Amino acid sequence: MKWNIVADSSIDLFSTELEYENIHFSTVPFTISIGETHFIDDDRLDIDKLVAKMKSTDDSSHTSCPSSGAWYEKFKEAGHIIAITLTSGLSGSYNSACAARNMILEEYPDKKITIIDSLSVGPEMVLLVRKICTLIELGKNFEEVVSQSQLYMTQTQVMFALSSFDNLVRNGRIHKLTGFVANKFGFLGVGSANETGTIEMRGIVRGKKKAINIILNGLKQKEEQLKSVVISHCQNPEFAKRLKNEIQNIWSDSEVTIIPTRGLCSFYAEQKGLIIGY
């Protein structure tokens, strides 16, 4: 049986990065608009150009979630479908995917298709896709894959460390005062997603060392042995490597992967930002 895992481009993973005989992974893109310039967040997007455009203009900017039609085209493909979306607390992508699923089920009522609201973004979604692939490879049926994946979601979390909050503030993702304080005085803001998939600040600090300490304290609250961590960075591999070393100094057996942010996460994390899924 063929399996199709489909995510929106809020996941920091590209279609070519998973190679399985019976699992096909693909994404549907967000559109990132900066003034009159529109960037399609697909595999061809030049992140350097996107970040440079963000830095060089004060034009209004926003993102648009994938249309129901884009999801529909993916859902038409043969095989079981598992779709994963950016948290519904910050985007309409989940609703678009649900509308597409309803259209497909009208035509193919027996098709196996589910949509998972990640309540997260970026690297935590990468962890979820890895888990789904593992379950499929173990021979689990559709219902088992879905239920065990949803259980796994309750055990993972996401944090971020950002030096700029412009796009989060402009698009109503965090409070204006928080963004002003962080940007005005050159602080790093460290936060996480809560149970509803919206952003909560954990602290605003000066310096990477203090930011790393907050992140490590967050990781320690999860469990004694940290197994898998994915660190997404927007043009900041040095900070990501420093955090990776600090994590593995505490959890020596942990698997820590560093990956670059795709377009949507680059837009919200902005240059030098980190997002951590664990």
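At what angle do helix α4 (residues 123–137) and helix α5 (residues 142–153) pack, and how far apart are their axes? In the predicted model considered here, local features need pLDDT of at least 70 and side-chain atom pairs count only at pLDDT 80 or more, whereas totals for chains, interfaces and linings use all residues. Residues are numbered from 1 along each chain as its sequence is written, and side-chain values use heavy atoms, with hydrogens and water left out.

The two helices pack at an angle of about 145°, and their axes lie 10 Å apart; axes are lines fitted to C-alpha atoms, for helices over the stretch in contact, and angles run from 0 to 180 degrees between N-to-C directions. Helices are DSSP runs of H or I with at least four residues, numbered from the N terminus. The crossing of α4 past α5 is right-handed, a term that applies if the near helix is turned clockwise from the far one by less than a right angle. On the α4 side, E124, L127, L128, K131, I132, L135 and I136 meet V145, Q148, S149, Y152 and M153 of α5, where contact means heavy atoms within 4.5 Å. The residues of this contact comprise eight nonpolar, two polar and two charged; Ala, Val, Leu, Ile, Met, Phe, Trp, Tyr, Cys and Pro count as nonpolar, Asp, Glu, Lys and Arg as charged, and the others, Gly among them, as polar.

The protein is divided into domain 1 (3–154) and domain 2 (158–277), with bounds that come from an automatic or database domain assignment. The domain centres, taken over C-alpha atoms, are separated by 22 Å, and the contact takes 38 residues from domain 1 and 33 residues from domain 2.

Pockets and cavities were defined on a 1 Å grid over the protein atoms alone, a cavity being a set of points where a 1.4 Å probe fits but cannot get out, and a pocket an open set with protein on both sides within 12 Å along at least five of seven lines; lining residues have an atom within 4 Å of a point. Grid points are joined across faces, edges and corners, and a volume is the space filled by probe spheres set on the points.

The largest pocket has a volume of about 320 Å³, and among its 14 lining residues L127, K131, Y152, K227 and S228 are the closest to its centre.

Two cavities of 30 Å³ or more were counted. The second largest cavity, with a volume of about 40 Å³, is lined by S118, S120, E124, M125, L128, M153 and T156.
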